[in-house]
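Please examine the sequence and the structure before reading on.

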Amino acid sequence: MLDSSRQSNRLPAAPGVGYKPQHYDQILDHAHPVGWLEIHAENYMGDGGRPLAQLRHLSEKFPISVHGVGLSIGGEGPLDPDHLARLKHLVGWLNPASFSEHLAWSTHDSHFLNDLLPLPYTDETLERICAHIDQVQETVGRQMLLENPSSYLAFEESSWSEPDFLREIARRTGCGLLLDVNNVFVSATNLDFSPQSYIDAYPLNNVHEIHLGGHDEDEDDHGRPLLIDSHGREVVDPVWALLDYVLDRSGPKPVLIEWDTDVPDWSVLRAEADRAQAALDRIPA
Amino acid sequence: MSVSQTTFRAALLDPSAAVPDGLWDAAERPAGRRFSVYRNNVAVSLTEAMHQAFPVITQLLGSQNMDGLAGLFLRKHPPSSPLMMFYGEEFPEFLAGMEQLSHLGYLADVARLELALRRSYHSADSQAAPPDALAIPPEEIVLAKLEFAPSLKVLRSDWPLFSIWRFNSEDGAPKPAPGSEDILITRPEFDPAPHLLPKGGADWIAHIQAGLTIGEAFEHTSAEFPEFDLGATLALLLQGGAITSVSIERLAT
């Protein structure tokens, strides 16, 4: 369990964007860019060169959120000690405003699969994830936020609901939560539940960051809608509406726009951040 | 019915394998193509990573052929680390072992070059020695030892590797002529660039890296390559900011 004095999330309750190197100049030239930037930890684990130079420079001007995509918190095997050491090093020198990872697995038997893979919500998984999060927070020396996944299928063996599972992880480990509102919408559509009732059951008090992103639409074998979390387009209206539903209950939070494939011009990304600002502006202070 | 990650991964990497039991939709029907979303994410993201990592190979083979090769490669060599910036380490060897590509013997060396450029891009930063660091009397130069930037990389090839690379990445570059070419990669600031090394240059650099003085390295190199051009080699290193320190052990007087 993490000591509460190390729960040091310092992201402002403002819009942020996922940083893409092609936007470097515009972000620095823009008079009013965004409140903060998020980076994928693994892209900044080289020894030097342009990525680290850009990050050092950006970190002097913006709060930075370090978002890991490769730790495999839900992996059946032990966490990769080399990767944990690299995270500790990055978080150590950068001293970011926030550090987060995913409720997922991606590495098995030292093979990294480059995707966020799903987990059964069982007591056994719970124990393992809590032990891994304890190890991460102990090693990195600060609180981590855990993000809810987008789900395309369910496990027969699951015995917990996702909100209860996340609440219990946060209670046992002292980790914070990163609520991906698009992921809730995607999972709710794919697994046929109400996104509002998910939010009603979700421990909003533990949320320190919100994610929004675009998804693609497909169909399953039975002609039912199958939404895919692609981060390759604008956030859709029902997800903006769900954001309002969340903010009405949580109060202001840092809100991130994620756009990772078919990355658009800065102006398009910036317009999405403006829309997030409008959503934050409409909640009473 | 529980699904282990071993089972999940095996089905993920083998498109012909059955979807594991114990995965279902909201109506408790078998997951079917819902599982394919994960299969697709893995294959597409790793294929995309291979295209980005090996742009010249992609250009030489064509995008569709590269898709096919990447599909075979990623199943044989899934990434061994979450650092995707270094994915594809085994690709040169994989290409060399592909019988269908044996008529393009130079492909493996092109892949080695693309890997080396990426490693150089992510290497630690360093401070180049001042431009006048070697403006010293010739009798002292031969006694000097050099240290190189971590971003310096050397590739030896039995193929005209530099000319092949140029022909496929520069407009109007001349057609490669037969012969062997060694390459020096330097990274003046953030962008690594390959240069053609004079004959013997790769040996001379290896001698310097082993701790020999400029003079000793020159003697060893010119014994094998009488035409070795030390001045041209030093000029490439200096222009690329690849020399980080010059130290001279003066003889006791």
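Angles between axes under 35 degrees count as roughly parallel, those over 145 as roughly antiparallel, those from 65 to 115 as roughly perpendicular, and the rest as oblique. The structure discussed here is a predicted model.

**Two helices of chain A**

Two packed helices are described by the angle between their axes and the distance between the axes. In chain A, the axes of helix α3 (residues 81-94) and helix α4 (residues 123-140) cross at roughly 45 degrees and come within 9 Å. α3(A) and α4(A) are therefore oblique to each other, and their crossing is right-handed. The table lists the residues that make this contact.

| Helix | Residues in the contact |
|---|---|
| α3(A) | Leu84(A), Leu87(A), Lys88(A), Val91(A) |
| α4(A) | Val136(A), Thr139(A), Val140(A) |

By class, the residues of the contact of α3(A) with α4(A) comprise five nonpolar, one polar and one charged.

**The contact between the chains**

How many residues does each chain bring to the contact? Chain A contributes 36 residues and chain B contributes 40 residues. On the side of chain A that touches chain B, at least two residues come from each of α2 (50-61), β5 (105-108), β6 (111-117), β8 (154-155) and β12 (225-228). β6(A) gives the most to this side, with six residues. The side of chain A that touches chain B has 14 nonpolar, 12 polar and 10 charged residues.

Strand pairing also links the chains: β8(A) is joined by two bridges to strand β1 (residues 23-24) of chain B, and the two strands run antiparallel. Opposite Leu23(B) in β1(B) stands Phe155(A).

Key:
Residues are numbered from 1 along each chain as its sequence is written. Chains are lettered from A and ligands numbered from 1 in the order in which they are written. This is a predicted model: local features need pLDDT of at least 70, side-chain atom pairs count only at pLDDT 80 or more; totals for chains, interfaces and linings use all residues. Two residues are in contact if their C-beta atoms, placed from the backbone, lie within 7 Å. Helices (H or I, at least four residues) and strands (E, at least two) are DSSP runs, numbered from the N terminus. Ala, Val, Leu, Ile, Met, Phe, Trp, Tyr, Cys and Pro count as nonpolar, Asp, Glu, Lys and Arg as charged, and the others, Gly among them, as polar. Two strands pair if DSSP finds at least two bridges between them. Axes are lines fitted to C-alpha atoms, for helices over the stretch in contact, and angles run from 0 to 180 degrees between N-to-C directions. A crossing is left-handed if the near helix is turned anticlockwise from the far one by less than a right angle, and right-handed if clockwise.
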